[in-house]
Amino acid sequence: MQWQSSLTQLGTWAARPWAFVVAILYAIGWLVFSPETLEWHGVVTLATWLMTLLIQRAGHRDTQAIHAKLDELLYAQRRARNEITSLDEKEPEEIEGFREAHKPQA
């Protein structure tokens, strides 16, 4: 379970602005120390890395906005269960288990 938590934390860290700084510093270091190896595949690798970070950032922003909106709705609804308000602090597998256990019966 520790490695799953680490992966979740890594995803959160990758959504921070400093991840872009690290990618740019890596590219600058590559240019300074080994410019002859920076061919088309290297440029594509760096572009893919930066695009991945942009996508991660956008997804994280959207997720945080949705959580804030849902938190507001839960806090406004007096009958909401308290354990739901802190559900976003759990691992994805735990959340899925919670959803399965509390699924309305059809």
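Histidine 60 is part of helix 3. In this predicted model, histidine 60 has a relative accessibility of 17%, so it counts as buried, the cut-off being under 20%. Leaving aside residues up to four places away in sequence, histidine 60 touches Thr12, Ala15 and Arg16.

Helix 2 comprises residues 17-33, and its 17 residues should span 24 Å at 1.5 Å a residue; the C-alpha atoms at its ends are 25 Å apart, which agrees. Which residues of helix 2 are buried? They are Ala19, Phe20, Ala23, Ala27 and Trp30. Because these residues cover an arc of only 105° around the axis, they lie on the same side of helix 2. Leu25, Val32 and Phe33, on the other side of helix 2, are exposed. The cover over the buried residues of helix 2 includes helix 1 (2-14) and helix 3 (40-76).

Two packed helices are described by the angle between their axes and the distance between the axes. For helix 2 and helix 3, the axes come within 10 Å and cross at roughly 175°. Helix 2 is therefore roughly antiparallel to helix 3, since angles over 145 degrees count as such. On the helix 2 side, the contact is made by Pro17, Ala19, Phe20, Ala23, Tyr26, Ala27 and Trp30. Helix 3 contributes Gly42, Leu46, Trp49, Leu50, Leu53, Leu54 and Arg57. The residues of this contact between helix 2 and helix 3 divide into 12 nonpolar, one polar and one charged.

How values were computed: Residues numbered from 1 in each chain as written. Predicted model: local features only at pLDDT ≥ 70, side-chain atom pairs only at ≥ 80, totals over all residues. Heavy atoms only, no water. Helix = DSSP H or I, 4+ residues; strand = E, 2+ residues; numbered from the N terminus. Expected span 1.5 Å × (residues − 1). Buried < 20%, exposed > 50% of the residue type's maximum accessible area, 1.4 Å probe, protein only. Arc of directions from axis to C-beta. Contact = heavy atoms within 4.5 Å. Axes fitted to C-alpha atoms, helices over the stretch in contact; angles between N-to-C directions. Parallel < 35°, antiparallel > 145°, perpendicular 65-115°, else oblique. Nonpolar A, V, L, I, M, F, W, Y, C, P; charged D, E, K, R; others polar.
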